[in-house]
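I opened this structure to learn my way around it. These are my notes, in the order I looked things up.

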Amino acid sequence: METRSAFIAIVGRPNVGKSSLLNAMVGEKVAIVSDKPQTTRNRIVGILTRGETQLVFIDTPGMHKPRTKLSEFMVRQVRRSVADVDAAVLVTEPEKEVTKAERELLDNIKAMGIPAVLVINKIDTLKRREDMLEKMQALSAEYEFEAVVPLSALTGDGVDILLAELSQLAEEGPHFFDDDDFTDQPERVIAGEVIREKILNNMREEIPHGTAVSVESMKEREDKDIIDIDAVIYCERDSHKGMLIGKQGSMLKTIGSQAREEIEAFLDAKVNLKLWVKVKEDWRNKEGLIKQFGFTEE
Ligand SMILES: Nc1nc2c(ncn2[C@@H]2O[C@H](COP(=O)(O)OP(=O)(O)OP(=O)(O)O)[C@@H](O)[C@H]2O)c(=O)[nH]1
Ligand SMILES: [Mg+2]
């Protein structure tokens, strides 16, 4: 069989729905999602194979102005992704203004000269059609997109149209992953991300941004069908630690049970999840700790 493939970066401002779109296209939860900006911190590979065509998506952190060493790392991942792929999907929302971050992304895409598709996401929230059209026009004037696709990653409306457009960008070449793979992330990394998602969902602004999750061990018991997972949640201050634990441990319990449920479903096994909270002051500005928490350039 003649095979086709394409590496496609998904880029955009924070919170526009890049990871939601990745999950919608792949049909599996590959990347965590939250209503807080800067949820995605690393490049995340999602894979969709249909017949002869394999699309390899690289979900990226939202493009923003870096304020910590961690966010410098994140922004570097975005730039690297654009430089590494065959095509890009620029995701945006249907409000009017084109932001600085979007302009920078467009400049990166232009510099690489790669084909790109413009996605206007969240059309389920659209109130004024003119907003969407204005946004489409403003961005289309800047680059000759292969296609402009309005869609909703949340409802799935329009996602197939995008996939049809992207399939056309695939060129003759080998499949780089097994046809039934949907991500390259190890289970341990996914488990850590699920825990971080529950922190994002349950905590306010600055706390989730300053947390990192490290899965210390993940072992299947020999005598029973149970997987023991030990994970540490690192935060930046004692006061944050207190809030993450909550009154009589109530917050940590909530985070733990929500995470456990989801990890069990994805591993299809019973999970015994133990969480600890530790403080590493200002870790987001410490190169060594950033690396230790898995943010390393491959
Ligand atoms: N109404 C609506 N909400 C959406 C849609 N797509 C994503 N969202 C919501 O938008 C928020 C951000 O979604 P994410 O997928 O985490 O966005 P992201 O671009 O990956 O964000 P970062 O990783 O922080 O850059 C979440 O609350 C999603 O549920 C959509 O089509 N419609
Ligand atoms: Mg994301």
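**Helix 1 against helix 5**

I began with a helix contact: Leu21, Ala24 and Met25 of helix 1 meet Val159, Leu162, Leu163 and Leu166 of helix 5. I sorted the residues of this contact and got seven nonpolar, no polar and no charged. I note here that the model is a predicted one.

Next I looked up the geometry. Two packed helices are described by the angle between their axes and the distance between the axes. Helix 1 and helix 5, the latter residues 159-167, pack at about 80°, and their axes are 10 Å apart. An angle of 65 to 115 degrees counts as roughly perpendicular, so I put helix 1 and helix 5 down as roughly perpendicular to each other.

**The magnesium ion**

Which residues coordinate the magnesium ion (ligand 2)? I found Ser19, through OG, and Thr40, through OG1, at 2.0 to 2.1 Å. The pair links distant parts of the chain, 21 residues apart. Serine 19 belongs to helix 1 (residues 18-26), while threonine 40 is in the loop between helix 1 and strand 2 (44-50).

Is serine 19 buried or exposed? Its relative accessible area is 8%, and buried means under 20%, so serine 19 is buried. Threonine 40 is buried as well, at 6%.

**The sheet 8-9-10**

I then traced an open sheet. Three strands form it in the order 8-9-10, with mixed pairing. Strand 8 (212-220) and strand 10 (270-279) are at the edges. Each has a single partner strand, so one side of each is left without a neighbour in the sheet. Neighbouring strands are turned by 15° against each other on average, direction ignored.

I checked one pairing more closely. Strand 9 (residues 226-235) runs parallel to strand 10, over 10 bridges. Cysteine 235 stands opposite valine 279 in strand 10.

Which strands does helix 6 touch? I listed strand 8, strand 9 and strand 10, and the direction of helix 6 makes about 135° with that of strand 8. Helix 9 (residues 250-267) also packs on the sheet, touching strand 8, strand 9 and strand 10. The direction of helix 9 makes about 140° with that of strand 10.

**A lysine in helix 6**

I stopped at lysine 198, which lies in helix 6 (residues 187-202). At 8%, lysine 198 counts as buried. Leaving aside neighbours within four places in sequence, its contacts are Lys29, Ile255, Gln258, Ala259 and Glu262.

**Strands 5 and 6**

Strand 5 (residues 116-120) pairs with strand 6 in the parallel sense, over four bridges. Valine 119 has valine 149 of strand 6 as its bridge partner. In a regular strand the side chains alternate between the two faces of the sheet. I sorted strand 6 (residues 147-150) by face: Ala147 and Val149 are on the covered one, Val148 and Pro150 on the uncovered one.

**Two positive phi values**

Most residues other than glycine have a negative phi. I noted two with a positive value. Lysine 122 has phi near 65°. It sits in the loop between strand 5 and helix 4 (129-140), and lysine 122 is partly exposed at 24% relative accessible area.

Aspartate 268 has phi near 55°. Where does aspartate 268 lie? I placed aspartate 268 in the loop between helix 9 and strand 10. At 71% relative accessibility, aspartate 268 counts as exposed.

Key: Residues are numbered from 1 along each chain as its sequence is written. Chains are lettered from A and ligands numbered from 1 in the order in which they are written. This is a predicted model: local features need pLDDT of at least 70, side-chain atom pairs count only at pLDDT 80 or more; totals for chains, interfaces and linings use all residues. Side-chain values use heavy atoms; hydrogens and water are left out. Donors are N, O and S atoms within 2.8 Å of the metal (3.2 Å for Na, K and Ca); water is not among the atoms, so sites may look incomplete. Buried means under 20% relative accessible area, exposed over 50%, partly exposed in between (1.4 Å probe, protein chains only). Contact means heavy atoms within 4.5 Å. Axes are lines fitted to C-alpha atoms, for helices over the stretch in contact, and angles run from 0 to 180 degrees between N-to-C directions. Angles under 35 degrees count as roughly parallel, over 145 as roughly antiparallel, 65 to 115 as roughly perpendicular and the rest as oblique. Ala, Val, Leu, Ile, Met, Phe, Trp, Tyr, Cys and Pro count as nonpolar, Asp, Glu, Lys and Arg as charged, and the others, Gly among them, as polar. Two strands pair if DSSP finds at least two bridges between them.
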